[in-house]
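This briefing is meant to be read next to the sequence and the 3D structure. Please look at both before going through the points.

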Amino acid sequence: GPYGAQRRHASKHRFFAVELSQALFDFVIQRLPTQEEMAVKEDVRKLLERLIRTIEPDSRLLSFGSTANGFSLRNSDMDLCCLIDSDERLSASDMVTMLGDLLERETKFNVKPLPHARIPIVKLSLDPSPGLPLGIACDIGFENRLALENTRLLMCYAMIDPTRVRTLVLFLKVWSKRRSINSPYQGTLSSYGYVLLVIYFLIHVKNPPVLPNLQQMPPLRPISQEDTHIGGHNTWFFDDIELLRQRWQSSNTDSVADLLIDFFRYYSRDFTYNTGVASIRGGLLKKESKGWQNEASSRYNDSRERNRFCIEDPFEIDFNVARCVTKEGLYQIRGEFMRASRILAMRPRAVAALAQLCEE
Ligand code: GTP
Ligand code: MG
């Protein structure tokens, strides 16, 4: 009958989606850090904390970024942030200089202090050795409390639906690195930017949504201004994930494969790059309403370049996380979204499809 073809089509798609979802889980699991790697990293953090305390006894060294938010891959960098709980503390750039000297003297790390960077950091690395075949790379910054909070926000999103959120994010991180579109220094997008794109898609594009908007949920009890603001930025979000899981359940039952296919389709075809801003806090916003339009003001400044692709930071809402993306970079990124869509539309065998998607 007339519906036969449709039914066959649907069942073929389901078969492909089931197979692709399984292949995605397997692909990601193989690339998770080992227990051993995580233990080595924790040892390094403790060692560095001990050393920093010889300069500032009241300091703590906390990890943020992928080592702390559940989106870490094997051999990913370690992002560390030093918090100093005393009133008279040295400036971040003085700390960077002093810590740089200390680590140079006391450890085997390759040390590169960057005291005059926009965000002063000390860069550290260890070359590969028999016990640590991949070496280690680590950045230490100071008082970056917003980064600690956005890490916690991403971790909460990962915890709400660990299977689908983590699988999607981790796959996209591998994919974007292999396809050379994960490099803000070369005009493309940071991992942080890709994670925000995934979360935006799961909250605001998918219907029914896969994730709730943690920044817009009613708080359980009254909250005070000082508890929720860091440097003038509102960092409040609903973070009682245990309670949330009792009270909220997504009615979206799409498989990881369905979500990945839709993700690529959305960013290759539907997202309005010229006028839109992806905001996990507020949905799809307009560049105009944020003063981020790209044909802006004069040709003497580079605001045009800065706002080709707009992703609002969840807390620093004046900050475009994709500001480093250039015209060529965006062309490349969109080209990759289209390529991925095209490959998946042909419904090849799943394992081969993933290999082809991530071809270097
Ligand atoms: P890999 O290092 O690729 O494994 O990914 P990652 O998850 O560590 O992401 P990335 O290195 O891009 O960023 C690490 C952390 O730095 C993020 O979780 C944020 O907390 C912070 N961060 C990175 N880029 C920005 C940015 O542009 N703005 C702000 N506010 N924070 C950022
Ligand atoms: Mg990192």
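**Around the ligand**

Ligand 1 has 21 residues around it, and those that come nearest are Gly65, Ser66, Ser76, Ser191 and Tyr192; a residue is near a molecule if its C-beta atom, placed from the backbone, lies within 6 Å of it. This is a predicted model, in which local features need pLDDT of at least 70 and side-chain atom pairs count only at pLDDT 80 or more, while totals for chains, interfaces and linings use all residues. Residues are numbered from 1 along each chain as its sequence is written, chains are lettered from A and ligands numbered from 1 in the order in which they are written.

- Helix H3 (66-69), helix H5 (145-160) and helix H7 (191-205) are the elements that give two or more residues to the shell around ligand 1. Helices (H or I, at least four residues) and strands (E, at least two) are DSSP runs, numbered from the N terminus.
- With four residues, H5 gives the most to this shell.
- By class, the shell around ligand 1 holds seven nonpolar, nine polar and five charged residues. Ala, Val, Leu, Ile, Met, Phe, Trp, Tyr, Cys and Pro count as nonpolar, Asp, Glu, Lys and Arg as charged, and the others, Gly among them, as polar.
- Ligand 1 lies between domain 1 (35-144) and domain 2 (161-211 + 250-357), because both give residues to the shell around it.

**Domains**

- The domain assignment gives domain 1 (35-144) and domain 2 (161-211 + 250-357); such bounds come from an automatic or database domain assignment.
- The centres of domain 1 and domain 2, taken over C-alpha atoms, are separated by 29 Å.
- Four residues from domain 1 and seven residues from domain 2 take part in the contact, where two residues are in contact if their C-beta atoms, placed from the backbone, lie within 7 Å.
- The side of domain 1 that touches domain 2 has two nonpolar, two polar and no charged residues.
- Residues 20-158 are 44% helix and 22% strand, and their end C-alpha atoms are 21 Å apart.

**Nonpolar cores**

- The largest nonpolar core has 61 residues, of which Leu168, Leu196, Val198, Ile199 and Leu260 touch the most other members. A nonpolar core is a set of buried Ala, Val, Leu, Ile, Met, Phe, Trp, Tyr and Cys residues joined through C-beta atoms within 7 Å.
- A residue is buried if 20 or more other C-beta atoms, placed from the backbone, lie within 10 Å of its own, exposed if 12 or fewer, and partly exposed in between.
- Leaving aside neighbours within four places in sequence, Leu196 is in contact with Ala278, Ile280, Ile311 and Val321.
- A second, separate core of 20 residues includes Leu48, Ile52, Phe109 and Val122.

**Two single residues**

- Gly70 lies in the loop between H3 and strand S2 (78-84).
- Gly70 counts as partly exposed because it has 18 C-beta neighbours inside 10 Å.
- Not counting residues up to four places away in sequence, Gly70 touches Met155, Ala158 and Arg166.
- His229 is in strand S6 (residues 229-230).
- With 13 other C-beta atoms within 10 Å, His229 is partly exposed.
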